[in-house]
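This report goes through one protein model, part by part. Please look at the sequence and the structure before reading on.

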Amino acid sequence: MGQSLAALGGRFESSNASTGLTEEQKEFQKVAFDFAAKEMAPHMAEWDEKEIFPVETMQKAAQLGFGGIYVKPDVGGSGLSRLDTSIIFEALSTGCTSTTAYLSIHNMCAWMIDTFGNEEQRHKFCPSLCSMEKLASYCLTEPGSGSDAASLITSAKRKGDTYVLNGSKAFTSGGGDTDVYVVMCRTGGSGPKGISCLVLEKETPGLSFGKKERKVGWNSQPTRAVIFEDCAVPVTNRLGAEGQGFGIAMKGLNGGRINIASCSLGAAHASVLLAQDHLTIRKQFGEPLASNQYLQFRLAEMATRLVAARLMVRNAAQALQEEREDAIALCAMAKLFATDECFTICNQALQMHGGYGYLKDYAVQQFMRDIRVHQILEGTNEVMRMIVARSLLQE
């Protein structure tokens, strides 16, 4: 599977994914496509089957500047825009969506520290995160608070120069295998204003992890519960002031929604090419499947949905970069539309492969499995509808 997928790499750049980009954007897009084809696609199936967390490969990606894409250069970041980031994550995701999705989470954590941390925090954490010498995880979701993040109960009680942290987080990407944990916790009363953001290091006493979860997709990144039992965290590890955590989380999620939508674009992008190849090669009733008008029309619909989703994601990324008033709604729209449409594209590509699409020797099924969760995380698509409706109906 890996070899046939990697062989498509040279065709990615010629697709309409580069339409409208600047020369500089085309350059780093090509670097990302090449890395995906050579360093990720040949191993994608093995990482999935054996549940390998490909740290060395991600560190190679960091050498290209992909460990802190939108982190400021003075602490080792690439200093690129949200649009640039979307372009890169789409390209990388054509090689392995699961691994790229973890990269997007790591980048979000590094950005949070870079954006909301003080100079000491930025210089302490960001350089090793940007090089991916150290890896980061984001801890927001709890067993009893998923979509209702403001109701989280993990508590941090201040005692002198430390916070004593107790509680647990669920579904943490990289949990147990990563070094830095950006944790949303309750330092005050109920509701969003009582939430603060702490940065923990893995060696913190009292920090432990649940069993590795068994998942439908995203198998190249471990997922575990993160458990805090009287963890003493220095007050100097708090990002921003007390009570600012929920705002930090929501700003992070706006970008996270663009990132995960971009990963969906890459999976759909690869799936369209795989379907195109299969229709050309596979014969039924004495003719290539590509000669069947019904399948031609379905392929055309898939390509059209992909381009529409890409335009929506890039428009939202630009709005977020410019800090426009409509950015939150546009990010929600883009995440909703792109993750739904791209899953449909991958699923249709699998259908076009017939029985072969259901075999793990064929990459198309892995793309479909890996992006199914994108309709759930970074805010479910039902919550995205709520955000959009609220923006339309507010006075």
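## Two crossing helices

Helix H6 (residues 82–93) and helix H9 (residues 245–281) have axes that come within 7 Å and cross at roughly 35°. Two packed helices are described by the angle between their axes and the distance between the axes. Here axes are lines fitted to C-alpha atoms, for helices over the stretch in contact, and angles run from 0 to 180 degrees between N-to-C directions. Helices (H or I, at least four residues) and strands (E, at least two) are DSSP runs, numbered from the N terminus.

On the H6 side the residues that meet H9 are Arg-82, Thr-85, Ser-86, Phe-89, Glu-90 and Ser-93. Their partners in H9 include Gly-255, Ile-258, Cys-263 and His-269; contact means heavy atoms within 4.5 Å. The residues of this contact divide into 5 nonpolar, 8 polar and 2 charged. In this grouping Ala, Val, Leu, Ile, Met, Phe, Trp, Tyr, Cys and Pro count as nonpolar, Asp, Glu, Lys and Arg as charged, and the others, Gly among them, as polar.

## How the model is read

This is a predicted model, in which local features need pLDDT of at least 70 and side-chain atom pairs count only at pLDDT 80 or more, while totals for chains, interfaces and linings use all residues. Residues are numbered from 1 along each chain as its sequence is written, and side-chain values use heavy atoms, with hydrogens and water left out.

## A serine in helix H7

Ser-98 lies in helix H7 (residues 97–116). Is Ser-98 buried or exposed? Ser-98 is buried, with a relative accessible area of 1%; buried means under 20% relative accessible area, exposed over 50%, and partly exposed in between (1.4 Å probe, protein chains only). Apart from its neighbours within four places in sequence, Ser-98 is in contact with Trp-218, Asn-219, Ser-220, Gln-221 and Asp-370.

## Cysteines

The count of disulfides comes to 0, a disulfide being a pair of cysteine sulfur atoms within 2.5 Å. For Cys-130, the nearest cysteine sulfur is that of Cys-126, 5.7 Å away. Cys-130 is buried, at a relative accessible area of 5%. For Cys-346, the nearest cysteine sulfur belongs to Cys-342 and is 6.7 Å away. Cys-346 is buried as well, at 0%.

## Annotated domains

UniProt, in an unreviewed entry, lists residues 22–133 as "domain: Acyl-CoA dehydrogenase/oxidase N-terminal". This span is 70% helix and 0% strand, and its end C-alpha atoms lie 31 Å apart. The UniProt annotation "domain: Acyl-CoA dehydrogenase/oxidase C-terminal", also from an unreviewed entry, covers residues 243–393. Over residues 243–393 the chain is 76% helix and 3% strand, with end C-alpha atoms 28 Å apart. UniProt positions are given in the numbering used here, feature names are shortened, and annotations may be inferred rather than shown by experiment.
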